[in-house]
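Colleague: I would like to learn how to read a model of this kind feature by feature, with the general idea first and the particular case after it. Could we go through it together?

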Amino acid sequence: MPTNETPFLTIFLIFHGLVWFGSFTGLEAETAKLASIPGVYVFGDSLVDAGNNNYLAISISKANYPRNGVDFPDKKATGRFSNGKNAADAIAEKFGLPLPPPYLSLKVPFKEKERQSAALTGVNFASGGAGIFNGSDQKLRQSIPLSHQVNDWLEIRKELTSQLGPSEAQIHLSKSLFFMVIGSNDLFDYFGSFKLRQRTNPQQYTQSMADKLKEQLKRVHDTGARRFLILGVAQIGCTPGQRAKNSTMHECNEDSNMWCSLYNEALIKMLQQLKQELQSSMTYTYFDNFKSIHDIITNPARYGFADVTSACCGSGDLNADSPCFPVSNLCSDRTKYLFWDRYGHPTEAAARTVVDLMISDDSQYSSPLTLTQLVSS
């Protein structure tokens with residue numbers, strides 16, 4: 001991010017990770033075509049964090065306070081950076097599975113039964129502020145980087161194997177979905193670090209991101225995972241906070257979007273190479289979240305949105321002068337907003353829209369398989 005942010009805003013920007021998600025007419029029927037899967041296991045950043053950061057002792061990268069959760073059941077602020085459910089929740093619901101609970105919630109006392117159950121149906125390891133590189137949280141050390149999330153997955157895999165036995169566990173894992181949403185925070189680190197930019201150019205840095213992600217994907221694959229859903233980084237230059245800096249036109253920051261494109265190109269090539277290396281033992285869907293958000297912003301009415309530039313929760317210009325706090329302004333109809341807050345976290349409606357696009361037979365966003373094809377393979 002630009003270096004003229006105040007330290008307070010920098011703290012929030014570090015953990016923002018960006019995809020956007022909602023639901024629009026015509027895709028609901030796709031759900032009936034979905035093959036069943038036994039579990040969904042989630043890795044990533046604040047876009048899919050279900051509350052893991054709530055259990056970190058000193059972290060302020062949390063969303064366990066109002067107005068977050070205003071549309072979640074019982075209006076509960078669970079730690080999701082949203083007015084309601086996020087993309088990981090929406091995917092689980094599409095497959096008729098329970099919402100994957102945050103891994104750290106299963107480590108507290110007297111949660112053995114919940115842990116045993118969740119090990120079979122899905123667990124969420126994501127953490128607001130997390131990056132592909134462990135150093136992406138080096139300023140705050142308040143999130144769970146991807147390598148540590150994979151370590152936590154190894155513990156759940158032990159639990160699953162203990163319950164099912166090695167042979168049945170392998171079958172279970174081969175049919176489950178492993179969902180990964182990460183990379184934005186690493187890009188923000190690069191934007192905001194003069195030392196990083198001195199050491200490496202943008203192409204080298206984004207390639208190193210893809211290479212490091214490849215290491216973690218291989219670790220998960222080695223445990224028996226076979227089906228992966230990987231999201232590209234979206235248009236982080238089009239968030240309300242980025243637009244608000246252009247006080248006259250409120251246009252997107254195209255420099256920021258360029259970084260996203262560079263990383264997504266490296267990510268696509270890496271996944272193709274990994275598939276070749278692992279041969280038939282890996283199948284995956286790469287979802288082009290950059291294009292999906294571009295299309296939603298370009299034609300919002302088609303997707304049921306009225307406002308794709310402002311934050312639903314905040315204050316000031318575009319509701320983007322401050323984060324979403326209990327005293328912030330709140331839009332009256334959250335189903336019409338793409339963005340929940342100034343950092344580009346999606347509303348629940350937006351999350352459901354992108355998940356519907358994943359499931360659609362339209363392959364313009366997904367390659368080499370759509371999500372429907374992936375779970376049927």
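Predicted model: local features only at pLDDT ≥ 70, side-chain atom pairs only at ≥ 80, totals over all residues.

Colleague: Turning to a single helix, which residues of helix 5 are buried, and why do they lie on the same side?

Modeller: The general idea is that an α-helix has 3.6 residues a turn, so residues three or four places apart point the same way. In helix 5, which spans residues 166-175, the buried residues are A169, H172 and L173. They lie on the same side of helix 5 because the arc they cover around the axis is only 95°. Their packing partners are strand 1 (40-44), helix 3 (112-121), helix 4 (146-164) and strand 2 (177-181).

Colleague: How should I read the salt bridges, and how many does the structure hold?

Modeller: In general, side chains of opposite charge can pair when their charged atoms come close. The structure holds twelve salt bridges, and one of them joins K94 to D356, with 2.8 Å between the closest N and O atoms. This pair links distant parts of the chain, since K94 belongs to helix 2 (residues 87-94) and D356 to helix 12 (residues 348-359), 262 residues apart. D356 has a relative accessibility of 3% and therefore counts as buried.

Colleague: What separates E215 and K212 along helix 8, and are they buried or partly exposed?

Modeller: E215 and K212 form a salt bridge at 3.3 Å, N to O. Because they are three residues apart in helix 8 (residues 202-222), about one helical turn separates them. E215, at 42% relative accessibility, counts as partly exposed, and K212, at 28%, also counts as partly exposed.

Colleague: Which parts does the salt bridge between E277 and K218 tie together?

Modeller: The side chains of E277 and K218 meet at 4.0 Å, N to O. E277 lies in helix 10 (residues 254-278) and K218 in helix 8, so this pair ties together parts that are 59 residues apart in sequence. E277 is partly exposed, with a relative accessible area of 43%, and K218 counts as partly exposed at 34% relative accessibility. Elsewhere, a network of salt bridges links K85, E93, E348 and R352.

Colleague: Finally, how many residues line the second largest pocket, and which lie nearest its centre?

Modeller: A pocket can be read through its volume, its lining and the classes of residue found there. The second largest pocket holds about 330 Å³ of space, and 17 residues line it, with Y55, K76, P101, P102 and S105 lying nearest its centre. By class, its lining comprises nine nonpolar, four polar and four charged residues.

Key:
Residues numbered from 1 in each chain as written. Heavy atoms only, no water. Buried < 20%, exposed > 50% of the residue type's maximum accessible area, 1.4 Å probe, protein only. Helix = DSSP H or I, 4+ residues; strand = E, 2+ residues; numbered from the N terminus. Arc of directions from axis to C-beta. Contact = heavy atoms within 4.5 Å. 1 Å grid on protein atoms, 1.4 Å probe; cavity = no way out; pocket = protein on both sides within 12 Å on 5 of 7 lines; lining within 4 Å. Points joined across faces, edges and corners; volume = space filled by probe spheres on them. Nonpolar A, V, L, I, M, F, W, Y, C, P; charged D, E, K, R; others polar.
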